[in-house]
Amino acid sequence: MLDAAKPVARIDEATGRHTTGHEWDGIEELNNPLPRWWLYILYATIVWSIGYWIVYPAWPLVSDYTRGVFGFSQRAAIIEEMQTVRSQRDAQAQGLAKASLEEVRNNPDMLKLALAIGKAAFGDNCASCHGAGATGQIGYPNLQDDDWLWGGTLADIERTIRYGVRSSHSETRLSEMPAFGGRDGLLKRTEIETVANYVLSLSGKAFDPKLDLADGAKIYAQSCASCHGEKAKGNREVGAPDLTDAIWLYGSKPEQVIATIVGGRKSVMPAWEERLDATTIRSLALYIHSLGGGK
Amino acid sequence: MSSSQATPTSGLDAPLYEARKKVQPAAVQGRLRSIKWIVLVVTLGVYYLLPFVRWDRGPHEPSQAVLVELAKSRFYFFFIELWPQDIYVFAGLLILAAFTLFLMNAVAGRVWCGYLCPQTVWTDLFLAVERLIEGDRRDRIKLDAAPWSAEKVVRRATKHVLWLAIAWWTGGAWVLYFADAPTLILDLATFQAPLAAYASIGVLTFTTYALAGWMREQVCTFMCPWPRIQGALTDKHSLAVTYRYDRGEPRGSAKKNSALRAAGELAGDCVDCNQCVVVCPTGVDIREGLQLGCIQCGLCIDACDNVMSKLRRPTALIGYDTDENCQRRSEGLAPQYRIVRARTILYGLLVLGVGLGILAALSMRSFTGLSALHDRNPLHVQLSDGSIRNGYTLRILNKRSYARRFRISVEGLSGARLEIVGVTDGDAIPVESDDTKELRALLFSPRGARPEKSQPILFRIVDVASGESASAHDFFRAP
């Protein structure tokens, strides 16, 4: 083939077929024609493609593209589809906005919609602090459990979400744990250690037997009982946590409890009213309530 | 090979695309042809009439013996009702079909292709219609060559209308398997049926008409993968439609060969009458040996037997035999038929095993089911009183055709408390007939119980009325 001579075709003896005349290292190519209907299908697809160019957007131009006689646009189609979904949802969600939280909870259809909206909104807005499973972390409450600083009824939860905790909103939930150590200097270091030991004993946690629990109880009665209650059961009016239960928002190791008493805690939950619509906030409340710990 | 050994011209002039060499098979009568008619009537009869067989399933279920109900994801087959959970039965049936095909191949080659394949059956039917309208091979060839006349137009049009009618009814029968047949027919006739039904009928009408009317043997030789696969499943002991060349060769005219025979010289039985070729629906010459185009329908056997009978020669010059035996006979050895051999025994046992497996699975299938899914995030929750909570999604299956009530309990966790959301403690849970119910379950381990990090537990449901029960394994996770 080097001299580009015209290929010489012949009839192959073994098969009785024509060869194409192409030959490589002694291997010749047989001419096995395709069936003609195959060819016609190829022609049909070419004709089809021309129709497609005319009907749909097809050819890229310098700064634009051919629009096609239908003016079809994938972007417009998806926007239209999303609007349809949104308007369908709006009709259902209107009932959600009007009914009371209890009514929604007792209506399986409305509840299903609310939980779906709530779950999606939770993933978008809440999961970054409270975790995808709503189990929280140190300083961010676990929303799956039954311990609620500000109450775990549907109304309590909704209010907490709406106005936040220590947020900029005027209706915000607000509690101040003083910094008994450094800044406010209300207690001495040994007193803080003693009272920390005492409250740890209340919830059945490991404590240091060398420190006097009776002393701790005295210090507690003077400095802590006004907010956390005489029996240390906490007070949801002011968001003071129960110190006798098994749940410790900032950790239950002695050094963690001491750090809390020394410096106080000031973590913030935003007021979601400024960012989410009422239906979404209600749906969130219902979703969080449904996680298993709601009261 | 005779036709392709034309005068050698330059291959460059050979066509790039080949026009179809139209096959016009002639009618033939005989044993195998009769078998093919019977198979055709039985298989098409089953296909077209099965949707009309009734089977009473009570007031809530459709009373159709064979029904694929897509909306509820149910498949009804006489006394069997399959749920998506029973998908393994379908898998088993597919495996069974594959092994049966293997066995058929190992015993008698492409029996599937020649007798049972839908392409063969419908093509046969379409050819019969064509023969009825346009006459046999000779008439049809003549009609093809004839110029267009009123008679030709009428014959052609009649044929295509009949073909389309059959194709349309084929598509129509298909959709009847997906809804209550009499209702659907009424809906179709009054244009009330879903668009999907009309679309399915349209597509199947077109494919049946195109494949059985126009494509015919081209489907087998160009489009179908089976010939390639089936070749690999056949060995030298498998029966195949075989030209017994040991007896047929050297071929010659009847007169010449009988003269040779009278003179005590070597002469074969094949009189080169070409009948085996003209009756072949794929247009192959079986005397060239086993080949891809041969679907082994055996019509050449009937044609050859008819000729041999007329010539008063023994029949079965073409017959179900093996190449091996032709070889043995020409060496003077007795032919050997080995139907029972390692391969067929193995395939037979596999068919039997899978079949029994399906039967066992069907007969031991439960009408009550429970599945449990542990919450992934979080795996466990510590509650304020020190107890630990795990969440589960439970799903109760009631495959009976009546509503039932179940009680749920849990085993394997000491002191456990089970709470089903929305269900008052201890109440039985109602599940509708032929339905599932999803429940959210919360399982508590009391303070101080100190369960293992991962403790196996067992959920159990008991039918209040019958005591029938089902259970599901899961785990209780703790910190």
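This is a predicted model: local features need pLDDT of at least 70, side-chain atom pairs count only at pLDDT 80 or more; totals for chains, interfaces and linings use all residues.
View 1. Trp37(A) is buried, with a relative accessible area of 18%, whereas Phe222(B) is partly exposed at 44%. Over all chains, the count comes to 26 aromatic pairs.

**View 2. Five aromatic residues of chain B form a cluster.** Ring pairs link Trp55(B) with Phe75(B), Phe77(B), Phe78(B) and Phe90(B) in this cluster.

**View 3. Two arginines of chain B sit over aromatic rings.** Arg33(B) lies over the face of Trp37(B), 3.9 Å from the ring centre. Over the ring of Phe367(B) you can find the charged end of Arg400(B), 4.1 Å from the centre of that ring.

**View 4. Helix α14 of chain B is mostly covered.** This helix holds 12 residues (299-310), which at 1.5 Å a residue should span 16 Å; the end C-alpha atoms are 17 Å apart, in agreement. Of the 12 residues, 9 are buried, among them Leu299(B), Ile301(B), Val307(B) and Met308(B). What do the buried residues of α14(B) pack against? Their partners in chain B are α1 (31-49), β5 (240-243), α11 (245-248), α13 (275-278) and β6 (318-321). After α14(B) comes Arg312(B), which has a positive phi near 55°.

Conventions
Residues are numbered from 1 along each chain as its sequence is written. Chains are lettered from A and ligands numbered from 1 in the order in which they are written. Side-chain values use heavy atoms; hydrogens and water are left out. Rings of Phe, Tyr and Trp (its six-membered ring) pair if their centres lie within 6.5 Å; planes under 30 degrees apart count as stacked, over 60 as edge-to-face and the rest as tilted. Buried means under 20% relative accessible area, exposed over 50%, partly exposed in between (1.4 Å probe, protein chains only). A charge sits over a ring if NZ of Lys or CZ of Arg is within 6 Å of the ring centre and within 35 degrees of the ring normal. Helices (H or I, at least four residues) and strands (E, at least two) are DSSP runs, numbered from the N terminus. The expected span of a helix is 1.5 Å times one less than its number of residues. Contact means heavy atoms within 4.5 Å.
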